[in-house]
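Work through the exercises below with the sequence and the coordinates open. Each task is followed by a stepwise solution.

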Amino acid sequence: GGIVVGNNKSVEIKDFYGDVSARLENSDSTNNSFRIDVDPDASGASSVFIVRIDGNERIRVLHGGGMTFNGDTAAANALDDYEEGTFTLSFPGGISITNNEMQYTKIGRTVFCSGRISFATSGSNTIINMSGLPFAPDTNHGNSCQGGVVPEHTRGSDGPLFMAVECTSNKVRIRNGASQNQSIANMSGETIRFCLTYTTAS
């Protein structure tokens with residue numbers, strides 16, 4: 001084993017057999033970017049990248065992707081995704097919905113959504129089933145066991161409203177405090193601010 005300094009502004013660390021265990025390199029001199037390649041030649045079967053502090057493992061980047069913390073090595077516990085974005089809820093064939101401030105954050109399999117939606121005017125008694133969640137829910141969860149609250153709405157003192165995620169149909173319903181599904185007529189001309197949380201399959 002040993003350390004080899006390359007001509008392309010890189011440092012290689014080799015093992016006993018001469019395979020490159022890690023490579024440190026300036027990957028983009030224009031932007032001063034620095035890259036660490038673990039097993040860059042893919043000579044190992046399940047290479048990992050480990051950060052230790054005072055002899056204790058604090059971060060492990062798994063071979064299959066994702067990070068574990070404080071000595072945990074289980075792939076099921078790895079944090080393997082983070083994403084932020086916007087989304088749009090709609091009810092095709094039902095009622096026009098205006099979306100505002102619609103944002104989501106996905107950490108691992110958990111999705112946090114928030115926004116403000118306004119409904120057009122209609123007297124239809126059709127139950128509201130909105131589509132457009134940023135990710136499909138995990139169907140192993142029962143319908144309406146995930147969702148969130150409506151902290152503000154324009155229905156005055158008409159009681160609390162809740163957002164219910166229908167996991168088997170990838171839809172969102174609005175329910176009142178008595179667990180009654182709200183129809184288009186119930187929400188006609190109204191505006192709600194909401195937040196909801198649900199779990200994805202992956």
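The model is predicted, so local features need pLDDT of at least 70 and side-chain atom pairs count only at pLDDT 80 or more, while totals for chains, interfaces and linings use all residues. Residues are numbered from 1 along each chain as its sequence is written, and side-chain values use heavy atoms, with hydrogens and water left out.

**Exercise 1.** Classify the aromatic pairs of the structure.

Step 1. Rings of Phe, Tyr and Trp (its six-membered ring) pair if their centres lie within 6.5 Å; planes under 30 degrees apart count as stacked, over 60 as edge-to-face and the rest as tilted.

Step 2. The structure holds 2 aromatic pairs. For phenylalanine 16 and tyrosine 17, the ring centres are 5.4 Å apart and the planes stand at 85°, so this pair is edge-to-face.

Step 3. Tyrosine 104 and phenylalanine 135 have ring centres 5.4 Å apart and planes at 90°, so they too are edge-to-face. This pair links distant parts of the chain, 31 residues apart: tyrosine 104 is in strand β9 (residues 97–107) and phenylalanine 135 in the loop between β10 and β11. Strands are DSSP runs (E, at least two residues), numbered from the N terminus.

**Exercise 2.** Is tyrosine 104 buried or exposed?

Step 1. Buried means under 20% relative accessible area, exposed over 50%, and partly exposed in between (1.4 Å probe, protein chains only).

Step 2. Tyrosine 104 has a relative accessible area of 8%, so it is buried.

**Exercise 3.** Which residues does serine 131 contact, leaving aside its neighbours within four places in sequence?

Step 1. Locate serine 131: it is in the loop between β10 (110–119) and β11 (146–153).

Step 2. With contact meaning heavy atoms within 4.5 Å, the partners are Thr88, Leu89, Ser90, Pro92, Asn170 and Lys171.

Step 3. Check the C-alpha distance to lysine 171: 5.0 Å, at a separation of 40 residues in sequence.

Technical notes. Helices (H or I, at least four residues) and strands (E, at least two) are DSSP runs, numbered from the N terminus.
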